[in-house]
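This report looks at aromatic rings and at one helix in a model. Please keep the sequence and the structure in view while reading.

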Amino acid sequence: MANKVKSVIKDGLIGVGIGCAIIIPGISGGTIALITGAFKKIVNAVDQLFTKYFVKNLLILLPFGIGAVLAVAGLLKPIDLAIEHCFLALTILFAAFMVGSVPSLYDSSIKGKKLNYINIIGIIVGFLVVIGFGVLSIVVNLNKEVGTMVHDNPWYLYPIIFGVGLISSMGLIVPGFSGSMLLMVLGFYDKVISFVLDIPHNPGWSILRLGVFALGVAIGFVFFSKLMKYMFEKHEETTYCVVLGFLLGSIIAIFVNSNMFQYFGLLPDREGNIINHINNLDYILSPIFGVIGLAISLAIYFYMRKHPQEQDA
């Protein structure tokens, strides 16, 4: 009984880490699950969720889910304030998390292995896909277009929100892929946060939008869990190389996107104004946040390297 309680608490804490990864661009929930030894346990539970063992697998996932929800709820308001007052510094914090995550993923993917041309292509493809999203968002000024859509509330906003939730769910289960970073590149990161924070002021539309997004995330989570289970069983090395490419590309794409270019005053906002939003707080906090992010992610890496985790079945 004591071991069972200890296991539930451990899974809940891992869920908190995954929740932090959900809300913080640059950290992948899949990477957190992988380095803490919970990846296979989560993937197997999701894979068998809609079987006669539904209750058993739901109870396995519940501590992870509760921990993740608590982490997201606790971080929403602080991140919203940081977006408003020091977005550049916040982005540098996220980028530092990503840089510090590279050694962990490298150790899990290609360290000590001889890469073939397929694996090298996998790294390049993963890298270019993420960079491509960032460049595309600048070309069409996605942040401006998304802001206009959310303001005007056309019917097609909701299929788009569903699709964005579907794609961003990859960050929950794919190691090295940050769903929230993709949201930032696509111009939806601050919008999704506002869906939650606006519930007290505009409950109808906010809950509807958040519900559509959550539905996309839920369906995507099940789909990508099954896909990752298959890919790791059949093409483990190539899969790791692709997600390593995702991570490396994300380090660049988190700065090369319409959201950041708008903040730098290089693209017009929804009202057509071009404003440089960088302020003194950005200059003060950017180096501090960079050091903190790098220190935390490297500390996790060295701890996990010293205390290697077996993947729970």
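Phe224 is buried in this predicted model, because its relative accessibility is 12% and buried means under 20%. Phe223 has a relative accessibility of 48% and is therefore partly exposed.

A pair of aromatic rings is described by the distance of the centres and the angle of the planes. The model has four aromatic pairs. One of them joins Trp155 and Tyr156 in an edge-to-face arrangement, with planes 85° apart and centres 5.8 Å apart. Phe223 and Phe224 also form an edge-to-face pair, at 5.1 Å from centre to centre and 75° between the planes. Trp155 is exposed, since its relative accessible area is 67%, and Tyr156, at 39%, is partly exposed.

| Aromatic pair | Centre to centre | Angle between planes |
|---|---|---|
| Trp155 and Tyr156 | 5.8 Å | 85° |
| Phe223 and Phe224 | 5.1 Å | 75° |

The next topic is a helix. Helix H8 covers residues 157-168, which makes twelve residues. At 1.5 Å a residue, H8 should span 16 Å, and this agrees with the 16 Å between its end C-alpha atoms.

Which residues of H8 are buried? They are Leu157, Tyr158, Ile161, Val164, Gly165 and Ser168. Seen down the axis of H8, these buried residues fall within an arc of 120°, so they line one face of the helix. Among the elements that cover the buried residues of H8 are helix H7 (142-152), helix H9 (170-173), helix H10 (179-185), helix H11 (189-197) and helix H12 (203-234).

Note on methods: Residues are numbered from 1 along each chain as its sequence is written. This is a predicted model: local features need pLDDT of at least 70, side-chain atom pairs count only at pLDDT 80 or more; totals for chains, interfaces and linings use all residues. Side-chain values use heavy atoms; hydrogens and water are left out. Rings of Phe, Tyr and Trp (its six-membered ring) pair if their centres lie within 6.5 Å; planes under 30 degrees apart count as stacked, over 60 as edge-to-face and the rest as tilted. Buried means under 20% relative accessible area, exposed over 50%, partly exposed in between (1.4 Å probe, protein chains only). Helices (H or I, at least four residues) and strands (E, at least two) are DSSP runs, numbered from the N terminus. The expected span of a helix is 1.5 Å times one less than its number of residues. The arc is that of the directions from the helix axis to the C-beta atoms. Contact means heavy atoms within 4.5 Å.
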